[in-house]
Amino acid sequence: MELLDILTAMAKTGRLGPVSIGTDWDEVTAALGEPWDIGTLGHDAEWPRLFAYGDLELSVCQCRRVAFVFVQTWRDTVELPPSVAGGAGVFPGLVSYADVTSALGQADCPWQPNPALTFADQCSLTVTSSGAGFTFEIPEGADPLLNIVDLPGDGHDCAG
């Protein structure tokens, strides 16, 4: 399986293996094991917290549900848990805009430009069915390269 196959499936379904927005944190750790605990996202609060499985990053709210899903793709290699990657979990990074839009088209996964995240050295597109975002860095004098893929939160605001 190639990285674009995984990212396209994630964009179409709104999930990456056992991970989707709203998934119970215990289900994620049962399926993927213990992650790296990157730390809190707030200044004074213990939650929400950011966890990582290689380049798969998950924001988890205080009620222990996945609030956001990110796949960092800006590195030379992208590491994902083997169980969500269909075997090997290390892939070449630095994926081009043309390759992403071609893969989405071949998978019949409609998308549209995201003008809110498009400016001088960055462009972004959103998959219409899932809301998955693909954001690209535009290096000077070069074609756009995929920087991050995300599944947007659902607006959940837990009370604890």
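Analyst: Contact means heavy atoms within 4.5 Å. Axes are lines fitted to C-alpha atoms, for helices over the stretch in contact, with angles from 0 to 180 degrees between N-to-C directions. Helices (H or I, at least four residues) and strands (E, at least two) are DSSP runs, numbered from the N terminus. The model is predicted: local features need pLDDT of at least 70 and side-chain atom pairs pLDDT 80 or more, while totals for chains, interfaces and linings use all residues. Residues are numbered from 1 along each chain as its sequence is written, and side-chain values use heavy atoms, without hydrogens and water.

User: Helix H2 lies across which strands, and at what angle to E4 does it run?

Analyst: H2 covers residues 25–32. It lies across E4, E5 and E6. Its angle to E4 is about 20°.

User: What is the strand order of the open sheet?

Analyst: Two strands pair if DSSP finds at least two bridges between them. The sheet has 8 strands with antiparallel pairing. The order is E3-E4-E5-E6-E12-E11-E10-E9.

User: Which strands stand at the edges, and what is the average twist from one strand to the next?

Analyst: Strands E3 (36–40) and E9 (111–113) each have a single partner strand, so one side of each lacks a neighbour in the sheet. These two are the edge strands. From one strand to the next, the twist averages 20°.

User: Is strand E5 largely enclosed or left open by the rest of the structure?

Analyst: Buried means under 20% relative accessible area, exposed over 50%, partly exposed in between (1.4 Å probe, protein chains only). Leu56, Leu58 and Val60 point one way from E5, Glu57 and Ser59 the other, and all are buried. With 5 of the 5 residues in 56–60 buried, E5 is therefore largely enclosed.

User: Which residue of E5 stands opposite phenylalanine 51?

Analyst: E4 (residues 49–53) and E5 run antiparallel, joined by 5 bridges. Their hairpin has 2 residues between the strands, and glycine 54 there takes a positive phi near 65°. Opposite phenylalanine 51 stands leucine 58.

User: Which residue in the turn between E5 and E6 has a positive phi?

Analyst: E5 and E6 (residues 66–72) are antiparallel and share 5 bridges. Serine 59 stands opposite phenylalanine 68, and valine 60 opposite valine 66. The hairpin has 5 residues between its strands, and the positive phi, about 65°, belongs to arginine 64.

User: At about what angle to E12 does H1 run?

Analyst: H1 (residues 3–13) lies across E6, E10 (122–127), E11 (133–137) and E12 (145–151). Beyond its neighbours within four places in sequence, phenylalanine 134 contacts residues including Leu7 and Ala11. The angle of H1 to E12 is about 35°.

User: Is aspartate 108 buried or exposed?

Analyst: Aspartate 108 is in the loop between H4 and E9. Its phi is positive, about 55°, although it is not a glycine. At 62% relative accessible area, aspartate 108 is exposed.
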